[in-house]
Amino acid sequence: MDRYLAWRVVNALTPAAVVDLQQAMKAARPEVRFSIITPVYNTSAQHLHETVQSVLAQVYGDWELWLSDDASTDPDTRRALAEVAGLDKRIRTLTSSQNGGISVATNAAASKATGDVLVFLDHDDLLTPDCLAELALYYAAHPDADIVYSDDDKLDDEGRFYAPQFKPDWSPALLTSFMYMSHVFTVRRSLFAELGGFRSDFDGSQDYDFALRASERARHVGHIPRVLYHWRAVAGSTAVSGEAKPHSFEAGRRAVQEHLDRTGVVGQVVHADWAQAAKVGMFSIRFPDQGPSVTIIVPTYNATDLLSVCLKSLELTTYSNYRVMVVDNDSDCLDTLAYLDSLSQEPRISVERISKVDGRFNYAALMNEAVERADGDLILFLNNDTKVIEPSWLSQMVGLAGFEGVGSVGARLRFADDHIQHAGIIQGYHDGLVGHAFRGLHASQWGYLGLMRAPHEQMAVTAACMLTPRNLFRKMGGFDATTFAVAYNDADYGFRLHKAGYRNLYCPDAELYHFEGRTRAKTDDPREVASMRKLYGRAVDPFHNPNLSLDDEQLQVAARRLPMRADRPVKLGVFTHNLRQEGAPKTLCDLIVGLKTAGVIDPIIYAPATGPLALAYGEAGIDVRLVSEPSPASNLADYVGAQSRLATEFRAAALEAVVANTITAHHAIGAAARAGLASIWCQHESEPWSDYYSALQPAVQFHAYAAFAQAYAVTYVADATRRAWAPVQTRHNAVTIRHAIPASVLAEETSRWTRKEARRRLGLHNDEVAVMLPGTVCARKGQQDIVDAILLLPPEERKRIKVLIVGALVEPEYAVRLASTIETCEQAVASRIELIGPVDDMSLYYAAADIMACTSRTESAPRVLVEAMAFGLPIITTPVFGIPEVVEEGVNAIFYDPGDTRALASQISILAGDFERRASMAEAGRAVLESRPNYDDMLERYASLIREAALMGIGK
């Protein structure tokens, strides 16, 4: 399904959404009156009727519509104007005796308007029913707002909605490239009058010229990230092509040039060749090659090949007022030292030698000290693994730095293969961390909304090529050398600038190659990752539209809607396939109890049979109801019957949404659809999608796979699993949400036993190294590997290793074979392996263990790895599916391939004999755990999904 079509499916204005909107208006009591300004000229009668009907359909009623006829010659248009004028007393018409153009017609209507806010509506376009209500709420919440704009899309005469423009929040730099605000565009009537309205000299780009002028005086420019306007794409409209009105290009160019002149920015506005060729109204600014002094700081450690290429490329630079400071961080290569000495002959280059602190690389401290030795007005941090492409790169960056309130400017960086490495930093990628916009797109592409080619605000930019005022850098305390010695110091600096009211700009005309990471480690310190998550994990990026996905850096449309506004619990039905104390049901229980405690949901649990978790739900005040479910052998009639009965249960409980747990719960997703409810499907399994339902009858298989499209969202605990099931994800509704365990639970479990007491209870000797395999015992978990690995160890090593296989015996045949294998070993081997089975307190075994092993063949993201890290255990594991997303190879975990028992035996032997390495991995494991999304993050992600899904139904 087309991504935008999928978005429209879940963003319908449902009865529930209307109720939510009406309740918000009742609480806010907005008193703003809107004057909708629509200039008319020879408009299609049908289109004019549709435009007016879109106004009449508004949820918010305090408006007037001014239809300003600019001397139309088409009798159908005049007749249509007469017809619509009588539809409602709030509709007013104004007729001109001669054609004066769109600005004259607009100004004439605006002069008659009585509303507080003008809403500009073209004569063939449509407002969405919630448009004015959303605007009213925004103006009521922001009394200083003078301009407010929304997102929009296009509509053709076949009724197809397409080309959505999901825009950033107020971006002054972006407005110098094109009229990105587009529709719906609204302004305080008083400001419109103060500026003299639209200017006829700019017809074709009159709205652009006005937006530039108005933004210079506006107290607040607001953005509503909702599609509130449908822009009609008909022949002769700029919605189809800018070629329809070529004069608008020159008008737009002049509008931007006058804006620069008014604001004191020196630069020449041009309609660049690439924009002319594409027939789009996007503009570029050519900045002068003279200006304030710049010190380019290039840190290096050996790597003469990289540094020499970087410095040689700087000779292309057209900007005149710069010097280069090469900062040598303890290079010890003789060739490098000789090369650095030779640089003393270069008139623009100096070399500063700054040593490591405590022998450790600390990029932030290195740059902070370098800035203290620099004297330029501006500092340009530049990696030694870069190469200039565009000679005017520095002129363009310095030019943007001259805009008011700019704190930093970043470049457009390419990989060696001409794909984008950096086009600004966006908050929210990688489970709440940061990422580079458009990473991986080819440099010839434009990116979403043309953003790769347009300057615009970002939360931060990479220090691989970052320009910032020297005095400001010092005022801000430079980079944080304590918290972010190597990674994230640039993002942290940008976020602090943003918080302080400065702007971070991306400069598309500053192009360089960046041969990323050639001189530093590939893995970030988990402690720095944890700090980034703690400080900024829940920061909201105003320049990233919430309707765009954070699954990758391509800014693709996300098939999601904004959550409900009402601050009340959602009546939620929760189907779980069992209530046993095992992975998926326990994770669900943690989630539901947490959401209930937080006041997000009022849940009812539905399950086919009772179990130990029923008590946990009961203690949390959650009702548990037993319901029937279809058996795997059900025919279609029985399956549909069971589904229908469950749908009846859902309707009777007056639910607003449904959550179903595990991939076997497809019938619950179908039942929710039958009940008219949106659902969220939590999947934990990583088995191949193509044959997972092969045991079902073909007609039932159809329903099982159809559930993937029926669900509002399908959640996975690992990206690898989500990718593996991609072929059945036809509606772009797959979401990765990491499972986590409540901090209070982990704290209680890890403090329950001391290591000494736990080992005493289990009869472990001080010189024994305990290797623990927690988890259900089954073929998928592959416990046979460790038995075979122990057999491969030399007898002397085997004597000091004790293997504890702990978990429910869910596959009796496999457990019998495993036990038989152990029993048939010679006594010296069998005594070293215990198949313990299910236990009441797994924490006893974690506390006693020295190493945790995971031998799984198929695994999404096992809970036991989280528990092991909390207990500070080094981990030996297979790297299947989502496991590499939970642990860090070489940091707190060692990988071996499933079935490679020799490798497993070797790793057990190495770790068992190296106490210091085990201790180091244990410490790192706790840091890795802190760097991952935590329980509160999981609750927040699910709370948003549930509050979104609740708007898909019939309303409460």
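Start with helix α18, whose buried residues are N489, D490, A491, D492, Y493, G494, F495 and L497; buried here means under 20% relative accessible area, exposed over 50% and partly exposed in between, with a 1.4 Å probe and protein chains only. The model is a predicted one, where local features need pLDDT of at least 70, side-chain atom pairs count only at pLDDT 80 or more, and totals for chains, interfaces and linings use all residues. Residues are numbered from 1 along each chain as its sequence is written, and side-chain values use heavy atoms, with hydrogens and water left out. Helices (H or I, at least four residues) and strands (E, at least two) are DSSP runs, numbered from the N terminus. Helix α18 spans residues 489–499 and is mostly covered, with eight of its eleven residues buried. After α18 comes G501, with a positive phi near 95 degrees.

Helix α5 (residues 102–112) has S103, A105, T106, A109 and A110 as its buried residues. Looking down the axis of α5, these buried residues fall within an arc of 165 degrees, so they line one face of the helix; the arc is that of the directions from the helix axis to the C-beta atoms. Those buried residues pack against β1 (34–40), β2 (63–69), β3 (91–95), β4 (117–120), α8 (189–194) and α9 (206–217), where contact means heavy atoms within 4.5 Å.

Next, the helix pairs. Helix α36 (residues 901–912) packs on helix α37 (residues 915–931) at an angle of about 100 degrees, with the axes 7 Å apart. That makes α36 roughly perpendicular to α37. Axes are lines fitted to C-alpha atoms, for helices over the stretch in contact, and angles run from 0 to 180 degrees between N-to-C directions; under 35 degrees counts as roughly parallel, over 145 as roughly antiparallel, 65 to 115 as roughly perpendicular and the rest as oblique. On the α36 side, I910, L911 and A912 meet R917, R918 and M921 of α37. The residues of this contact divide into four nonpolar, no polar and two charged (Ala, Val, Leu, Ile, Met, Phe, Trp, Tyr, Cys and Pro count as nonpolar, Asp, Glu, Lys and Arg as charged, and the others, Gly among them, as polar).

Helix α12 (residues 304–314) and helix α13 (residues 334–342) pack at about 25 degrees with axes 10 Å apart, and are therefore roughly parallel to each other. Here T304, L307, S308 and L311 of α12 meet D335, T336, Y339 and L340 of α13. The contact of α12 with α13 divides into four nonpolar, three polar and one charged.

As for sheets, an open one of seven strands runs in the order β26-β25-β24-β27-β28-β29-β30, with parallel pairing; two strands pair if DSSP finds at least two bridges between them. At the edges sit β26 (623–626) and β30 (734–736), each pairing on one side only. Within the sheet, β28 (residues 678–683) and β29 (residues 713–716) run parallel and are joined by four bridges, with Q683 opposite Y716 in β29. Helix α38 (residues 935–949) lies across β24 (570–575), β25 (601–607), β27 (657–661), β28, β29 and β30, at about 150 degrees to β28.

In the loop between β28 and α24 (689–692), E685 is buried at 14% relative accessible area and touches T662, I663, Y692, T721, W725 and S860, leaving aside residues up to four places away in sequence. S150, in strand β6 (residues 145–155), is buried with a relative accessible area of 0%.
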